[in-house]
Amino acid sequence: MATSRHHLLVIDDEPFIGRIIDMQFARGPFRVSTAADGPSALAFLRGNPDVELVLLDVNLPGRSGLDLMEEARREPGLSHVTWVVLTATGQQAHLERARTLGVAAVVTKPFSPSQLFRQVCALLGEPAGAAEESA
């Protein structure tokens, strides 16, 4: 039985991260878009109100991913978005700020694509096994 497709946005300046996530999430009811920096990500979010979840790298060129998240969360049209932060190990200050901003989850790089898939399924109310079969 097919379910609706969830639109995810990956904001990361490393193109291979978006490709890895896209390949993993293509197995389920997901559509993945990517952005490499804050300005293009914010413009994309404003133009695509169907984005449900953002996978956000903390270290973006030009500005912090957390600064981007803070700005986006102030916009009423983006209040429905669930945020998952991707961060390198040992960045305790980032973790504390992310939690203060209300992230749904923090994922440490390097990460397991299959574990990330299961975590996103849980956040969006999709059973991981069923989602994998509905591709």
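Two strands pair if DSSP finds at least two bridges between them. Helices (H or I, at least four residues) and strands (E, at least two) are DSSP runs, numbered from the N terminus. The model is predicted: local features need pLDDT of at least 70, side-chain atom pairs count only at pLDDT 80 or more, and totals for chains, interfaces and linings use all residues. Residues are numbered from 1 along each chain as its sequence is written, and side-chain values use heavy atoms, without hydrogens and water.

Five strands form an open sheet, 5 strands in the order S2-S1-S3-S4-S5, with parallel pairing. Strand S2 (30–35) and strand S5 (105–109) are the edges; each has a single partner strand, so one side of each lacks a neighbour in the sheet. S3 and S4 pair in the parallel sense over 5 bridges. Leu-53 stands opposite Thr-82 in S4.

The largest nonpolar core has 22 residues. A nonpolar core is a set of buried (under 20% relative accessible area, 1.4 Å probe, protein chains only) Ala, Val, Leu, Ile, Met, Phe, Trp, Tyr and Cys residues joined through side-chain atoms within 4.5 Å. Leu-9, Ile-11, Leu-45, Val-54, Leu-56, Leu-68 and Trp-83 touch the most other members. H3 gives the most to this core, with 4 residues. Leu-68 is in contact (heavy atoms within 4.5 Å) with residues including Ile-11, Leu-42 and Leu-56, leaving aside neighbours within four places in sequence. Another core, of 20 residues, lies apart; Leu-8, Leu-53, Leu-55 and Val-120 are among them.

Conventions. Buried < 20%, exposed > 50% of the residue type's maximum accessible area, 1.4 Å probe, protein only.
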